[in-house]
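User: I am new to this structure. Please show it to me, and then I will ask about the terms.

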Amino acid sequence: FVNTELEDILQKIKDKGNYYLTNKNVAQGIVCPQEFVIDSHIKEIGDSVKKAEGIFALKTNELEKLKLNNKEKELIKPLYTTDELHRYYGNSNNKLWVIYSDINVRKNIKDYPKIKTHLERFRKVITSDFKPYGLHRAREQKFFEGEKIISLRKTSKPYFTYTNFPCYVTQTYFVIKPEDINLKFLTGLLNSKLIHFWLRYKGKKQGEQLQIDKAPLLEMPLIKQEDEKIIKNADLIIELTKKLESINLDR
């Protein structure tokens, strides 16, 4: 419920909006129910697996132990979390990898013997619609490649990350990939106090947190009049965040 004054402001924002995201350029991240082994999995499978061991999501050392052939390595994609994805800036040095097993992989799983053997170890606990070899929802691969914006779903304030490298994420995020607007301008706009104000009163919330699902993203009134100042400021914030992270790592 909003009072009349707030409603007037929200209406003015809506009236000024001349650009909206669409179903074609917004997608949820990969739905991957069994990323790692949890206690209940051990009860089901036994002591042959360890807690936090990777199932569809693998740590670098786990990936190396699989000793995949070149064809299998093509299925391994860099997976990112809030450890690397900050507001504005994304660090391309990932710590996790995802087995990107879409419909083509499932149909030809015999061509990927070591991945097949790995996933079969967890057959009893994989609940995907395409178990045991397929991700629950792989999504279109194009969303994770090239220039895009990664949007954190549950957050206290807008949390949008510009990336221009292969960046695969789980359902914790949405991916925004329009081709008709400058994405650094859009990153600056989405992280603004104006959008925070809109989402606070017109978006979706879970308690005190914003829940920025697909519907709130598609309903946001945006402006396509690209402002060079916003682009330059977004660039500056990205570079400063990168330097700050580098300083913290060196300590």
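User: How many salt bridges does the structure hold?

Analyst: The structure holds 12 salt bridges. A salt bridge is a side-chain nitrogen of Lys or Arg within 4 Å of a carboxyl oxygen of Asp or Glu. This is a predicted model: local features need pLDDT of at least 70, side-chain atom pairs count only at pLDDT 80 or more, and totals for chains, interfaces and linings use all residues. Residues are numbered from 1 along each chain as its sequence is written, and side-chain values use heavy atoms, leaving out hydrogens and water.

User: What makes Glu7 and Lys202 a salt bridge?

Analyst: Their side chains meet at 3.6 Å, N to O. The cut-off is 4 Å, so the pair counts.

User: Which parts of the chain does the pair link?

Analyst: Glu7 is in helix α1 (residues 4-16) and Lys202 in helix α8 (residues 193-202), 195 residues apart. Helices are DSSP runs of H or I, at least four residues, and strands are runs of E, at least two, numbered from the N terminus.

User: Why is Thr163 called buried?

Analyst: Thr163 has 0% relative accessibility, so it counts as buried. Buried means under 20% relative accessible area, exposed over 50%, partly exposed in between (1.4 Å probe, protein chains only).

User: Which residues does Thr163 touch?

Analyst: Thr163 touches Leu85, Gly146, Glu147, Lys148 and Ile150, not counting residues up to four places away in sequence. Contact means heavy atoms within 4.5 Å. Thr163 itself lies in strand β8 (residues 160-163).

User: Why is Lys51 called exposed?

Analyst: Lys51 has 55% relative accessibility, so it counts as exposed. Its salt-bridge partner Asp39, at 46%, counts as partly exposed.
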